Amino acid sequence: GFRAGHSIADYMRWQLTQVIESVVSIPGGGETLGEHLASISNDDCVIILGLRRRVAATAALLDYVASTRAALAYVTDESVEQDRRAHWHFRCQTASTGPMFNHVSVMALCHILVMRSIELSTGKGRARLRRIEAANELIGEL
């Protein structure tokens, strides 16, 4: 995610990492997209947050991810037409009566995606969650 989508992507990454070990939110500070894109394979699922005021590289990014044959979920605002490169294209309402865009529907969708991922996580994902809880308890994080 870029701009407002970046912080939403970071939040989603934090939640997904509870049951999935390899979750990355890109781009990180000082990193290039290519440093991460080069690792995408057809076994991955990529979620692109393309909210209002998308960066110029969005179309090229969608093309690249589609070429990897990774599963692609594209989350956009209501102004974007259905994108055929995406396996799933979620269009969220962001219009607001005030000067700022409203990301409530985007956050609700992210919550649904995370909760469904947790529900579908295998015993491996649930075992990871138990190990995280045990580690936090052991070092006094909770």
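Buried here means under 20% relative accessible area, exposed over 50%, and partly exposed in between, with a 1.4 Å probe and protein chains only. By that scale Arg 116 is partly exposed, at 45%, and Glu 119 is partly exposed as well, at 47%.

This is a predicted model, where local features need pLDDT of at least 70, side-chain atom pairs count only at pLDDT 80 or more, and totals for chains, interfaces and linings use all residues. Residues are numbered from 1 along each chain as its sequence is written, and side-chain values use heavy atoms, without hydrogens and water.

On to the salt bridges, meaning a side-chain nitrogen of Lys or Arg within 4 Å of a carboxyl oxygen of Asp or Glu. The structure holds six. Glu 119 and Arg 116 form one of them, at 3.0 Å from N to O. Both sit in helix H4, three residues apart, about one turn of the helix; helices (H or I, at least four residues) and strands (E, at least two) are DSSP runs numbered from the N terminus.

Next, Glu 78 and Arg 52, whose closest N and O atoms are 2.7 Å apart. Glu 78 lies in the loop between strand E2 (71-77) and strand E3 (88-92), and Arg 52 in the loop between E1 and H3, so this pair ties together parts 26 residues apart in sequence. Glu 78 is buried at 18%, whereas Arg 52 is partly exposed at 27%.

Arg 54 and Asp 77 also meet in a salt bridge, again 2.7 Å from N to O. Arg 54 is in the loop between E1 and H3 and Asp 77 in strand E2, so the pair links parts 23 residues apart in sequence. Asp 77 is buried, at 0%; Arg 54 is partly exposed, at 31%.
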